[in-house]
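Colleague: Hi! Could you walk me through a few backbone details in this one?
Modeller: Happy to, let's have a look.

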Amino acid sequence: MSDMIVWRPEDDPNIRPPLQEGPVYRPDILNIIETTLDGLSGELRALSLDIHDHPELKFEEKYAHDAYTTFMEKHGFIVTKNYLLETAWVATYTHGQGGRVLGVNSEMDALPGIGHACGHNLIGMSGVAVALAAKSAMERLNIDGKVVLLGTPAEEGGFGKVMLYEKGAYAEMDVCLMCHPTPGPRHSISLTSSLALSYITVEYHGHTAHAGLSPWKAQNALDAAVLAYNNISLLRQQIKPTHRVHGIFRGKNWAPNIIPDHAIMQWLVRAPTTSEMEDTRRRVTACFEAAALASGCKVQITVTATLNEITQNKALGDELADVVLKRYGAIDYEWGIKSASTDFGNISYLMPGLHPGFSIPTIPDGGNHTSGFTEAARSEVAHDACLVVSKALAAVGMRVLTDEAFLQKVKDTFEEDKKLRV
């Protein structure tokens, strides 16, 4: 991947990739989607900027909760506040009798110190846009079905979607859709996956002693942590370049004249698939155990959570690509969030899902989780790019609601993907 092709703020947004010729599914539906979202663009941008201006950490998204639920009530959705989790919410719209159920996610949380540096204000706005566009098409064309927009807290390390799934929030959805802003080529939408991720907590317990008078009486927990850190630094030379291992260590009441008897480490292990991640995690665990043996300390290793990689449902992805290539821009298979992780990966393991990335203009070294991306996520061009991917996702969602053969293909694809997991 070359930085030369990354969309920069100074680039002319009116220069777009050439489009492919050919029909799209139900152009009457897509025209309603486009007209609806173009008409709501001002309201949606105001909502996005409001969320951006009020960043909240995981499970603290009270302002966002109220802003989104008020907005959805205003637009005719039935809203349940504090849904299953304190800051989660759900907005539903039903037309007619029976039909299928389109699920959509809106993320809300920000990052410590740098605000919406992962663009969750855009992700949240996109979920709203997809739901509103689907409602408009269902009303005007008398399409039976239901839209479920789920406000999901704590993507940034809180596993909010996993918790909501376990509580039944996704139970009635036939599919679930969402998107994510990233750096990338101009006007591109990415169908890459993400990395599987394991969170590990490691605690070393030793024995304290005076560092000058009798250090030989101690078992040094800090030494154990340092050894573990160095072990993993050496291990990195022997793991695949697509794998990631990173961590920190800390303690409390440490002093240079006291041998520390306790140290705690937080580690993340990532790999392209869950099975690969588990293989690397076993090697990382051996590094922790070796450090305990060498230092004479006791070690407690706890795997606190696991995130699966995103399984992009091919049937849903192919439909998105068809709409994008013929109406909006380019499809990319290199950028997106392929080197990051998300709790939507777990959802895509459990039901048919689609989670495209979409490029927005970013400064050099200003990708996700930087202050540069915080600024990028509030630009007008980023808003326009978010509207485009929302239109495409709404078109995919409406095909789910109106084409029984397509939905069956989506479900068959999901079952085939499950069989391929090792």
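Colleague: Thanks! Where does His369 sit?
Modeller: Bear in mind that this is a predicted model. His369 lies in the loop between β14 (357-359) and α9 (371-376).
Colleague: And what is the phi of His369?
Modeller: Phi is near 70° there, a positive value in a residue other than glycine. For context, most residues other than glycine have a negative phi.
Colleague: What about Leu84, where is that?
Modeller: Leu84 is placed in the loop between β1 (78-80) and β2 (89-95). Phi of Leu84 is also positive, near 70°. With a relative accessibility of 37%, Leu84 counts as partly exposed.
Colleague: Switching to helices: how far apart are the end C-alpha atoms of α2?
Modeller: They are 18 Å apart. That agrees with expectation, because 13 residues (62-74) at 1.5 Å a residue should span 18 Å.
Colleague: Nice. Which residues of α2 are buried?
Modeller: Ala64, His65, Ala67, Tyr68, Thr69, Phe71 and Met72.
Colleague: Last one: which residue takes a positive phi just after α2?
Modeller: That's Gly76, with a phi of about 85°.

Notes: Residues numbered from 1 in each chain as written. Predicted model: local features only at pLDDT ≥ 70, side-chain atom pairs only at ≥ 80, totals over all residues. Heavy atoms only, no water. Helix = DSSP H or I, 4+ residues; strand = E, 2+ residues; numbered from the N terminus. Buried < 20%, exposed > 50% of the residue type's maximum accessible area, 1.4 Å probe, protein only. Expected span 1.5 Å × (residues − 1).
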